[in-house]
Every structure is written in C-alpha cells, then in structure tokens.
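Okay, everyone, thanks for coming. Let me put the structure up, and then we'll walk through some parts of it together.

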Amino acid sequence: MAVPTIQPGQIKTGPGRILYAPLGTAIPTFTAAASKITGTWTTWLEVGATDSGLTYTESTETSDVNVAESLYPVRTVTTGKGSRVAFTMSHISDVNWKLAMNGGTITTSGTGVTKLNTYVPPLVGAENRVMLGFLSLEEDEVLIWPQVFNVGSVETARGAFDTKAGLPVEFAAELPDPAVMLTPYKRWTSGQLAQGV
C-alpha cells in the first residue's frame, strides 16, 4: 500500500493572535526571516484570549446547467461566494464589546479607581466595518480580511460560578475598497507552508 509523504510542518495545531483595526489602517508589510513572518501591526488591537481559537469558512454556491439529453450536468456555475470568520472572545473589555457590536461610542469619566466608561451601541445604519487579521502560533501564516462585518448573534451568558462569559462573533468578509485590496482576504505563508511555483 502506498502512503503519502508526511510533512509535519504543514500539519497545523493551536491558536494564534487575532487582531483588528479600523478600515483604512495600513496593512503590515510582511517579510520572512528564519521561516517566520515578520511585520509591524501598527495601531492594530488584539482581541486576546478566545474560547477555541478562530474558525474560517469559505463557501461556494453553485447551480447545475442541465439539458434533456444528459443525466449529468453540462456545466456547473458559481452563483455565490461567502466567507465567515468566527470566534468567541473571552476578554469582555469595552473595546471587544464595541468590536462585537459593529461600533458605537465609549465615553470615559474619572481616572484610576474612579474611571467609569459608558458604552452606547450604534443605531441601525451607523455600524462600522473593521479589518481583521490572524497570525498563527508558529508565525508562519498570516490572514488579513480588509473589510468584515459582524453578522452573528452576540450572546453572553452570566450563569453559575463556573460559567465563563464570552462574546461570540461571526464576521462576514466583504469586498473592500479596491484601493485597499481586490479580494475579500489575502494569505501570507513562510517555512514549510510556503509551497508552490
């Protein structure tokens, strides 16, 4: 029995860093050194810990073109594309709450132990899109979605003492301004992930 050549460096496990930034923020200039991707994420914020890392889903909707003379389709055409980035934030900070709600405003009064923040969610039509990024644990893979919008339901539970609250999000990747990027995402790789011609 023939077995494939196993490439341990291409088998990925573990989480990574999830970052976000306002639309129009500069995408880092990435380079590779010692099989790791380097770049400066200027003004990008980290979401911090998550329940189970990040899940990226790319879907393609299709339709078959049929004729009476064939049992098989003569062609399959693409009728839609969709991308989703989902994770549950474990840090229930003001900025993560604002990210989950697609914007809003945070006002602050006081400082130190008297600091008090007030958050007001955005009204319909006043929501914000953001940029989203992912850096793998081994720093050999980067994904950037230049324009995303949270389309998921946000449900945070405050239950028993052992129930950890979280902020679940499910971002839809949208086509950004062509001046930023011409695709809904871009991926950079280094090391053993970087194969191809």
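You'll find glycine 152 in the loop between E10 and E11. Now pick out lysine 186, which is 34 residues from glycine 152 along the chain. The C-alpha atoms of those two are separated by 22 Å. Keep in mind, by the way, that this is a predicted model.

Let's stay with loops for a moment. Leucine 123 sits in the loop between strand E8, residues 116–120, and E9. How accessible is leucine 123? Its relative accessibility is 67%, and the cut-off for exposed is over 50%, so leucine 123 counts as exposed. Asparagine 102 is 21 residues from leucine 123 in sequence, and the C-alpha to C-alpha distance between them is 10.0 Å.

The loop between E8 and E9 is also the place of arginine 129. With 30% relative accessibility, arginine 129 counts as partly exposed. What does its charged end sit over? The ring of phenylalanine 149, and the charged end is 4.0 Å from the centre of that ring. Now look for valine 3: arginine 129 and valine 3 are 126 residues apart in sequence, and in space they are 46 Å apart, C-alpha to C-alpha.

Next up is strand E9, residues 130–136. How many of its seven residues are buried? Seven of the seven, so E9 is largely enclosed by the rest of the structure. Here's a bit of background: in a regular strand, side chains alternate between the two faces of the sheet. In E9, one side has Val130, Leu132, Phe134 and Ser136, and the other has Met131, Gly133 and Leu135.

Who pairs with E9? Strand E1, residues 16–22, does, in the antiparallel sense, over seven bridges. If you want a spot to look at, isoleucine 18 stands opposite phenylalanine 134 in E9. Strand E10, residues 141–150, also pairs with E9, again antiparallel, over five bridges. There, glycine 133 has isoleucine 144 in E10 as its bridge partner. The hairpin of E9 and E10 has four residues between the strands, and in this hairpin glutamate 139 takes a positive phi near 60 degrees.

There's another hairpin to show you. Strand E7, residues 105–109, and E8 run antiparallel and are joined by five bridges. Threonine 105 stands opposite valine 120 in E8. Which residue takes a positive phi in the hairpin of E7 and E8? Glycine 110 does, near 75 degrees, and this hairpin has six residues between the strands.

The largest pocket holds about 260 Å³ of space. Its lining has 17 residues, and Tyr20, Pro22, Lys98, Leu99 and Val130 are the ones nearest the centre. Which elements give two or more residues to that lining? They are E1, helix H1 (94–100) and E10. And if you sort the lining residues by type, you get ten nonpolar, five polar and two charged.

Last topic: rings. The structure holds six aromatic pairs. One of them is tryptophan 41 with tryptophan 44, which is edge-to-face, 5.1 Å centre to centre, with 85 degrees between the planes. Both of those tryptophans are buried. Tyrosine 56 and tyrosine 185 form an edge-to-face pair too, at 5.4 Å centre to centre and 65 degrees between the planes.

Where do those two tyrosines come from? Tyrosine 56 lies in strand E5, residues 55–65, while tyrosine 185 is in the loop between strand E11 (167–173) and strand E12 (186–189), so the pair ties together parts that are 129 residues apart in sequence. Tyrosine 56 is partly exposed, with 24% relative accessible area, and tyrosine 185 counts as partly exposed as well, at 30%.

One more thing to find on the screen: ring pairs link Phe30, Trp41, Trp44 and Trp188 into a cluster.

How values were computed:
Residues are numbered from 1 along each chain as its sequence is written. This is a predicted model: local features need pLDDT of at least 70, side-chain atom pairs count only at pLDDT 80 or more; totals for chains, interfaces and linings use all residues. Side-chain values use heavy atoms; hydrogens and water are left out. Buried means under 20% relative accessible area, exposed over 50%, partly exposed in between (1.4 Å probe, protein chains only). Two strands pair if DSSP finds at least two bridges between them. On a 1 Å grid over the protein atoms alone, a cavity is a set of points where a 1.4 Å probe fits but cannot get out, and a pocket is an open set with protein on both sides within 12 Å along at least five of seven lines; lining residues have an atom within 4 Å of a point. Grid points are joined across faces, edges and corners, and a volume is the space filled by probe spheres set on the points. Ala, Val, Leu, Ile, Met, Phe, Trp, Tyr, Cys and Pro count as nonpolar, Asp, Glu, Lys and Arg as charged, and the others, Gly among them, as polar. Rings of Phe, Tyr and Trp (its six-membered ring) pair if their centres lie within 6.5 Å; planes under 30 degrees apart count as stacked, over 60 as edge-to-face and the rest as tilted. A charge sits over a ring if NZ of Lys or CZ of Arg is within 6 Å of the ring centre and within 35 degrees of the ring normal.
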